[in-house]
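Please read the following account with the sequence and the model side by side.

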Amino acid sequence: MQSPNLPLVELKNITTQFGSQVVHQNLNLKINRGERLALVGGSGSGKSVLLSEIALLKTPQAGSVTLFGQATDQLSTNHLIQLRKKMGIMFQQGAMFTSLNLLENIMLPLREHQRLPESFIKELAMLKIKLVGLAASAATKLPQELSGGMLKRAAVARALALDPNLLLLDEPTAGLDPASASDFDDMLLELHATLDLTLILVTHDLDSLWRVSNQVAFLGDKQVLSKAPMEKLTVNSHPVIKHYFANTRAAGARTRGIGVNQG
Amino acid sequence: MQEQRQQPSLSLIDGNYLLYGDWTTAYLKQWLDLQPSIAAYSKELKIVTLAMDTNGAMAFLHIFGKQASNWPEGLTPTQQQLLRLVLKEGEESIPEPKSPNWLADLGFRFSQFWGHANQLLNFIGQLFTAFYTLLCNPRQFKPKLLFDVIQRDGLHAVPIIALLAFLLGAVIAWQGGLQLKTYGANVFIVELVALTHLRELGPLITAILVAGRSGSAYAAQLATMNINQEILALRSLGQNPFDWLILPKLLGLIITLPLLTLLADLTGLLGGSLVAHLQLEISPTLFWQRLSQEVSVSHFFIGMIKAPVFAIVIVSVGCMQGMLASGGADAVGERTTRSVVQAIFLVIIIDAVFSVIFSNTGW
């Protein structure tokens, strides 16, 4: 097993550029095993880009990404595939394959993973559907027949198919009604508690920040300005961070969040 | 640092059967393969494991059953907890997709066919009303979109159509020339090339190329817009999607397809005259002279009259398939395929009908 004091994800001197527009410059971030890290920051601060760099779906112009203690820049395709299997990613729009039903969507990575009996793969996929709190009847539905909230859960179920250690979520609660969003947060916490999971989520949902995350990395000025729990981040005096949290919605979420944490 | 992995294995140490290994996704296959040998010793087994995930827990339950009393010793409390969780969530039976009986299937297919026929009529009706409204209210016309279509589907198609028509003309002259030469009727190559090309092949090859090139693009564009709810968005803004998406294409292709056909006619004759010059020693001057003397201009007009009809077919089939798309990425591909197949099919059928009509009326 990996020694617990080594960070699970380590980003060193990351520089990302789109044409002449610099998104990250010498960005550094460490994420430890078991953390529930939220990436926040204003629009265009490169949160989603950073997430896809961690997921090895995009290579930064400079800097190194170390995952599970392995430097990723010199790895062979085979090793990269092995690493990707340890990560699950939930895309913002779900990105479920529209030609397959929900069960088949989750069975796809399992089927390609090893030659297992079909009935066993089905059972595994069904387990994932139940784990994310979907009804068994949803299994045979096509993605376009699911509601927004169900689709997000389905996307998490597919991300969990190979039991990853690292789960990346891009705006998991965006577009959900408050009740569904709150249920979704509960589900994430439950999964984190029962499975050996490290969560990294990009989110704008302040309620989620208070409920789900135990660490928040604030992106601004092409850097990680601060990585701290919410209680500390909200009293940070950096002007960009102050501006982000200095509004009525943030205050409301804070009182709710503290109420929930105490209850 | 590389993570240490524990391969599944069964070994006998000091009279105890020990079951080593991680119950994780990486070893699902190995665990299931071990099942027969595990089953033989299941009573006296001890488990030695460091890691377990949900997929591994499922494999465990598969091998040792759902009764916790039958589970071997050696599991940590967390692992037992995980097993119970998986047991609780995994209880439900897996729903099988319902496959209807043949009668229901037949009924479904028929109603689907009926629905398609209805949609087709609906589309044609909407096309006509949109056209009529546009005639009554010409200010709604979008010239920019029309010019876009003329540029993209007309101008940009010039090189490929010119080249292919040229080659087609040359091939016909070549094959026909071989036959004519044996009879010493070299000079009739002019009529052969001109008649086949002007009447039939010029318009046909142009329409087929445009159906493959532009008709498919129309279907894919509209299908994607439909799935992204962009067409609904247009409707919600008080716009008629036909004005924006279909009428400019229709008018654009009605204008450009005849022009492209004219181009195909010219380059086809050019190809024919080149081969006639090389193979049959008929000079270009003689070729063009005989063309103007012997070949009636009506053949050219018969070819040209088909072009706008083909344009209407290509645009309506492509756009209708696009508008009918629903679902996901699959639907876009399916609709695009259908649009090309149906457009080419209809173009050839209509061409045949034209041929019959024209030859029966003595043209």
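On a 1 Å grid over the protein atoms alone, a cavity is a set of points where a 1.4 Å probe fits but cannot get out, and its lining residues are those with an atom within 4 Å of a point. Grid points are joined across faces, edges and corners, and a volume is the space filled by probe spheres set on the points. This is a predicted model, in which local features need pLDDT of at least 70 and side-chain atom pairs count only at pLDDT 80 or more, whereas totals for chains, interfaces and linings use all residues. Residues are numbered from 1 along each chain as its sequence is written, chains are lettered from A and ligands numbered from 1 in the order in which they are written, and side-chain values use heavy atoms, with hydrogens and water left out.

By the cavity rule, one cavity of 30 Å³ or more is counted, and the volume of the largest cavity is about 50 Å³. Its lining draws on both chains, with L131(A), M187(A), E190(A), L191(A) and T194(A) joined by L85(B) and E89(B). Helices (H or I, at least four residues) and strands (E, at least two) are DSSP runs, numbered from the N terminus. In these terms, α6 (178-194) of chain A and α3 (77-89) of chain B each give at least two residues to the lining of the largest cavity, and α6(A) has the largest share, with four residues. If Ala, Val, Leu, Ile, Met, Phe, Trp, Tyr, Cys and Pro count as nonpolar, Asp, Glu, Lys and Arg as charged, and the others, Gly among them, as polar, the lining of the largest cavity holds four nonpolar residues, one polar residue and two charged residues.

The sheets come next, and here two strands pair if DSSP finds at least two bridges between them.

Chain B has an open sheet of three strands in the order β1-β2-β3, with mixed pairing. Its edge strands are β1 (9-13) and β3 (45-48) of chain B, each of which pairs on one side only, and neighbouring strands of this sheet are turned by 30° against each other on average, direction ignored (axes are lines fitted to C-alpha atoms). β1(B) and strand β2 (residues 16-20) of chain B run antiparallel and are joined by five bridges, with L18(B) as the bridge partner of S11(B).

For chain B, an unreviewed UniProt entry lists "transmembrane region" at several spans, including residues 155-174 and 340-358. Residues 155-174 of chain B are 85% helix and 0% strand, with end C-alpha atoms 29 Å apart, while residues 340-358 of chain B are 100% helix and 0% strand, with end C-alpha atoms 27 Å apart. For chain A, UniProt places "domain: ABC transporter" (unreviewed entry) at residues 9-246, a span that is 37% helix and 26% strand and whose end C-alpha atoms lie 30 Å apart.

Definitions and conventions:
UniProt positions are given in the numbering used here, feature names are shortened, and annotations may be inferred rather than shown by experiment. On a 1 Å grid over the protein atoms alone, a cavity is a set of points where a 1.4 Å probe fits but cannot get out, and a pocket is an open set with protein on both sides within 12 Å along at least five of seven lines; lining residues have an atom within 4 Å of a point. Axes are lines fitted to C-alpha atoms, for helices over the stretch in contact, and angles run from 0 to 180 degrees between N-to-C directions.
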